[in-house]
Each structure stands twice: as structure tokens, then as C-alpha cells.
Amino acid sequence: MTLPEVWFVVVAVLFAGYFLLEGFDFGVGMALPFLGRGRDETAEDGDVRRRTLINTIGPVWDGNEVWLLTGGGAMFAAFPIWYATMFSAMYLALLVILVGLITRVVAIEWRGKIDDPRWRRWCDVGIGLGSWLPALLWGVAFANLVRGLPLDSGQRFTGTFFDLLSPYALLGGLTTLLLFGTHGLVFLTLKTDGHLRIEAMRAARVWAVPTVIVFAVFGGWTLAYGEKGWLATVLAVGVAASIVIAAAAAAGREVVAFAATSVSILSLVVLIFGSLWPVVIRATTTRANDLTIAAAASSHYTLTVMTWAAVVMVPVVLAYQIWTYWVFRQRISTAHIPPSIGLSLRVRRS
Amino acid sequence: MNALDVSRWQFGITTVYHFLLVPLTIGLAPMIAVMQTVWHVTGNEQWYRATKFFGKLFLINFALGVATGIVQEFQFGMAWSEYSRYVGDVFGAPLALEGLVAFFLESTFLGLWIFGWQRLPARVHLACIWLVAIGVNASAFFIIAANSWMQHPVGARFNPDTQRAELVDFWAVMTNNTALAAFPHTVAGAFLTAGTFVAGIGTWWMIRDRRRARVTDDVVLAGELNTEARTLYRPVTRFAMWVMLASGVALAVTGDAQAKLMFEQQPMKMASAESLCHVETGASFSILTIGTQNNCDSITRVIELPNLTSFLATNDVNATLSGVTDLQQQYQQRFGPGNYRPNLFVTYWAFRAMIGWAIGSAVLAAAGLWFTRRGRVPDQRWLGWLALAAIPTPFLANSSGWVFTEMGRQPWMVAPNPTGDPSIHLTVAQGVSNQSVWTVMISLTTFTLLYGALAVVWFILVRRYTVHGPLAHDSSPHPDRGRDDGDDTDADRPAPLSFAY
């Protein structure tokens, strides 16, 4: 393999890490509106339930998000033409993703600072925006690379925003939305205890069914673009894994279900990047305008420097991130949530 | 308006927002690490309270710093794609390394610090905040190295086949003399910001406690307030003022070094900073001018210090410096017709504002150290107001400094290096993406409104938590600290988490 090809794989791995880790962050955020409601049977305050959900990802979500920043940075360093073309072509879609990510960061961090129902409702809206929108739009964005963009002979985008909204791309968005939603629900069954754990499993069971179907349809459609035999195997693994999700969720096997959602996400990433190879953005105008790995890549020297940096740093990063998950491995339930220590919005004069 | 103007406004607005928050993070993380270390070593719980109090403010600030930072990672590709194509081979590497080395470190260990007060052994927990402090400063280094390459491109050559700048020496990019001058200057500015923030809040609280102690009839309460002022706020404030003093000296030294570099590397930037229109021998430093700066010859110099500019530039009071008009002619000869002058009004005043605003911190540090000398605990009301008034000044100085640096580089996006590969240069007009003006207008409006709203919320939160003071439940560490091994088997009801969002 040449260095550009290696870096294509590295970028794929970074986005796989991002989808695997932020996938459940998004899923947890998506679950807030339904799992986070107060229920009569538990007589628990809805806010305590929502806090429990948010705190399952509390110590780790920020580190998970860095996978995106590093993925973007690696793309810029290793494939500047890919980075420039993709992000300028998908300008408005990325704007929406960024708005979501911005509101999610501040909503998670600031939610508990003020003890006021209206304040917290606004924060829940922010978390919701930052979970539903990126979960949908990342799928749309990557499906568009596979389907292709109108590129001219200089590999510059010539289309408009509406070129991004083909049925195939929207189905890609629905795929990631359902997959991340299920992934998050299954993650919650591993991280919570008590009623939330039972309810999350029940919800995962419901989400798993459309996930299998949409994944299979989108994957089959992707094969039509990919034109590679081995991708059928990847798709089969992915679909099999999503069937396992449904079965494991029905049987209450949490670890198996989480392993299965992870395999599904990984196979989706392999499917997308595999069908692109050896191209990074397909051109809908003529195949001669495809932006290839070789044409998009940086110089040999830059890739060598980056390879050394990655070889040294990635194991270190993985080690301390895994350690963090180990430190915060215990399940939490509504009983673990301490009383709110937020201040009132206004100063109370005594 | 065209897409270029809107894109420039967007990058400027989003970056200035980001850099209102960033210096506080960069400076406050090490200061909190020091506070926690002092508590760890001495066992003095007042330093624990200080750690928790400023830790809360740090986290409120960190969140918005991250939120505004995410945009920057993608904005190059979105709005400046031609630039990204041209420089990606060089510019991408420090950006990727920033993610790999620094962002992962700070975000992961900040999570461990926030949630690990009871779960981690005390030393490991202390190490977490130190790693955060290292991470935020490391990220500053990488991004400043990237920016410095735009100011003074080194370690690269122009490849005519691919029509882009290509990296040939990564070490040269990391040790760019521009970066080695800009990094300590920026970090010193960040420490001045955080020092002023801590000292301002500490002084205000110290005086408030003292005054409340004086007016209350409750003898016990008065004693408590006086003790708090003497044992909590006074030491914290004096610590912060020494930080301010040290960073003030560092700012002057590094600023001077940077200015000398700039006179060599980007003479146009420095000439416009001084409203120096024509060749001058023994050039004087202008403090006040009136007139229209952008019409170079219309200005009248009101106050100036003779020969100072020549001395600042070269250490020689009689050095001859080029003016804007001469440099414009030289650039036209080298790079063809065009306007190579930055906005002279902005660069002139931003440079003065940067230096002028820094006086706010200097006044507070001087007054504060004097009035707290030899065990004194001041109670002058005016000092409290001075402390509050000083807090915004370093933020304004930081913004002014970056506005000067970046707008002084105009019209270049990659400024030509006088001693480097002469074919590496790019103007902003060549670097902008081919977006419609409306597309960029939509994002500019969205970011401005969203950031504006979040800035208001940020201010409300910081003010609210400052006015409330250290929280009662943070008055002393949890007795089970460090002994929580994660199983609740011996408890009927699980122990609540030490912290939950």
C-alpha cells in the first residue's frame, strides 16, 4: 500500500472511531425526549431521569467528540483537496451540523448550573438539536461522497445545496440516525440500572427493527455504487449484526447487543469508504473528474511526518481513553444522582 | 459586499469570539492546577475552596471555548477552500497534531478531573488538571505555529506541478522564529488575562467580606468574614497578582522581540502600525495622531517620542525605516499591480489599544500588591471597583493584539517571506471559496446571532457564580475522597456521584 492509501484507511479509522463513540452520545441525546420523561410507575422526577441519561456519557463525551476534530485535521493534513472540496461543497449541511454541535456542548455543560425548569428545558432543546441533527446529517454527507457530487475537471464543486438532497443521501441520513439511536439505547442498557435500563432495552427493541430494514436497503443501494464483490460480504456482516441487535435486545443480552451495534456501525463505515476506494469523492459529471486518493493526497514528506506522529500518539490516546472508560465503568441509576447544586437564576437577597 | 468580504467578516467574528474565551482557559488551567497543588501539599482547605470556586468558572468558560473552537476546524475548508488546497500540505499537519496531541489530552483529562473528585486517588486527580493545563498550552503552540507559517512561511517549497506549497522541513515549521516569538507572547497574554480575572474577583470579594464584617452586628459572622478575607481571598489575590506581574514582564520582552522580527519579516505591517508613510531615519514612535489614517499623508502627529520606533525595530535609534508608500511601490514591482496596504486606521489603533488596555492589569497589580503588603487586608471601596473594572481590560488587549496581527497581514493570507521561497504567497482574494454571497451571509448571520446569544448566557453564568462566591457544599473535601472503588455492595442505597451534570 502506498502512503496515501494508508492515510485513506487512517481517515476511515478516525471517522469509524467518531461514529462508534459519538454514535452512542448522539443516541443518548436522542433518547432524552422519550426516556427522559417522568413516569407514574417510577414516580421519579423527569429531570432526575434526564440527568441520569446525560451522566452516562458525562465524563467521556467531550473526548469522543475530539475524534471528529482529529478526523477533520487528519483529512486536512493528508488530503487537503478532499477536505477543501468536501467541506466547501457541503457548506450549509456542515453549518447545520456545527450549530447542533455548538448548542450541544454548551447545553450539556451549562444545564446543571442553574436550577430552573425553563433553563433546563432550553438546555434539553440544545442537546436534542445537537444529537438529532448531526446523527442525520453525517449520514447524508458521507452518502453524498459515495453517490458523487458535480465536480468540474479541476475537482471543484459546481452544484448547489439541493444537489445534496437525493433520495439515496437522505436514506443514508436515516440509516445513521436509526443506527446511532439504537446504539445509544443499547449503550444505556449497559450504563444504567433500574427502570431506565429496562425502558432503554424496551426502546432498543423497537428501534432495532427499522434499523435492520433501512440498513439493508441503504447497504444494497451502496453496493450498486461500489461495484466491488467483497463489499457484499461487509454488507452481509452489517445486516447480520443488526439482526443480532434485534434478537439480543429481545433476549435482554446487553453486551451482545452493544457488540452488534458496534459491528453494524463499523461495517457501515467500511461499506462507505470501501465503495469509494480508490476515489475520495465521486464525480456525477463524468468519472474522469473523480477526485482520487492519489490526486487528493499531500506530498510524500508530509504523509511520512504524519505517519510517525500517528504511530507514536494513537496508542497513547487509545490507552488513556480506554482507561477513562474503565474508571467510569459503573452503572448509574436515578438513585446515584445527587441533588441539584445549580444556583437560582437571580440573586436572592436575604 | 461580495463573498470575500463576508467570509473575512465571518472568520474575524468567529475567531475574535473564540479568542475572548481561549486566553482565560489557557491561563486559568495552570493557575487552578497550582491552587489544587498547594492544597494537596499543605492540606490548607482554603486552597481547596479556591480550586473549586475558580474551577466552576473555568468550566463555564471552557464549554463555550470548545463550542466556538469546533467551527474553526472546518471553516478553512468551508469558506477558504482555495487557501486549503494551496497550503493544506503544510498547514494541515499542525492542525492534525493539535487534535492528536492536545485536544484529546485536555478533553479526556478534563472529564476525569470534573467527575473524578472521589473516584480517583488524590495524586492521580491532581495529575489530571496538570495534564489539562499542559494540553491547553500545547494546543496553543500548534495553532500558533500554523498561524505563524501564514505570517512567515518557512520549511516549504512551491511545487509548480500541483500549484501548491509543499512541506519540506517540518522541524522548520515548528521552530519558525515567528512562532517562537508569538507563542510566549500569546501565552503571557493568556496568563495576564487569567491573573487579572482571579485577582479582580479575589480583590472584590476580599473587600466585600471586610466591609460586610464592619457593618454587621453579629460578632461571630464578622470574625468569619474577616478570616475568609485574610486566609482565602488575600493569598489567592496575591498569587494572581504575582502571575500578572510575571506575565506583564514577559509580555513586554516577547512583544519587543516580536516587533523586531516583524520589522524584518513584515515591514508593511509595522509601518502601518506606526502610520509611517515615508522613509524616515531615526523614526519616532507616535502616541497620538489625528486625521484619516487610510489617506497616509493627511494625518497630523500630535504626540510622539523621538527615535523610539527605530530603536524598537533595530536597537539603533538612528536606523532608517521604510514607510507605507515606499513599501507599496516595492511590492508592486515584485508582485505586480495591486494594493498591498493593510487598513492603516485599524492597524494603527489596534496596536495602541493592545498596549493601552494592558495598563488596566498593571494598575490593578500595582494597587493590589501595595494595599495587601505585609499582611494588610484592604477594605477600600474604590479598590473593589477598580478590581472589577480591570477584569475586561486584558480580554480587550488580547483581541486588539490579534486584530492587529491578522489585519496587518492583509491583503496576504500567506505573506511572502523576504528570505524564503519567493513563490509562496497567497492573497485573501485567491484563498476564498467560490460560494455565493448569500450562502456565506446565512452562516455569518447564524454564527453571529448564536455566538451573541451564548456570550450573553456565558456572562450571566460567570457573573452569577462570581457574585454567589464559593459554594457551601464545596467548603471542604468529601471524607471518602479517593476511596471510592466503584462498587456499592456494602450500601443499601448507592452513594451519590460526587458530581453530576
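A polar contact is a pair of N or O atoms within 3.5 Å. Keep that in mind for the views below, which come from a predicted model.

**View 1. Polar links between chain A and chain B.** Between the two chains there are 25 residue pairs in polar contact, counting pairs with both residues at pLDDT 80 or more. On chain A, the elements that give two or more residues to the side touching chain B are helix H2 (46-56), helix H3 (61-78), helix H4 (80-89), helix H5 (91-110) and helix H12 (300-327). That side of chain A is made up of 50 nonpolar, 21 polar and eight charged residues.

**View 2. A salt bridge across the contact.** Here Arg156(A) meets Glu82(B), with the closest N and O atoms 2.6 Å apart.

**View 3. How much the two chains cover up.** Chain A brings 79 residues to the contact and chain B brings 82. Together they bury about 7,200 Å², and carbon and sulfur atoms account for 72% of that.

**View 4. Chain A by itself.** This chain has 12 helices and two strands. Starting at the N terminus, the order is α-α-α-α-α-α-α-α-α-α-β-β-α-α. The C-alpha trace spans about 70 × 50 × 40 Å along its principal axes.

**View 5. Inside chain A.** Of its 350 residues, 64% count as buried. Take the contacts in chain A with a separation of 6 or more: 79% of them join residues 24 or more positions apart.

Technical notes:
Residues numbered from 1 in each chain as written. Chains lettered and ligands numbered in written order. Predicted model: local features only at pLDDT ≥ 70, side-chain atom pairs only at ≥ 80, totals over all residues. Heavy atoms only, no water. Contact = heavy atoms within 4.5 Å. Buried area = accessible area lost by both parts, 1.4 Å probe. Salt bridge = Lys/Arg side-chain N within 4 Å of Asp/Glu carboxyl O. Polar contact = N/O pair within 3.5 Å; in protein donor to acceptor, adjacent residues only side chain to side chain. Helix = DSSP H or I, 4+ residues; strand = E, 2+ residues; numbered from the N terminus. Nonpolar A, V, L, I, M, F, W, Y, C, P; charged D, E, K, R; others polar. Buried < 20%, exposed > 50% of the residue type's maximum accessible area, 1.4 Å probe, protein only.
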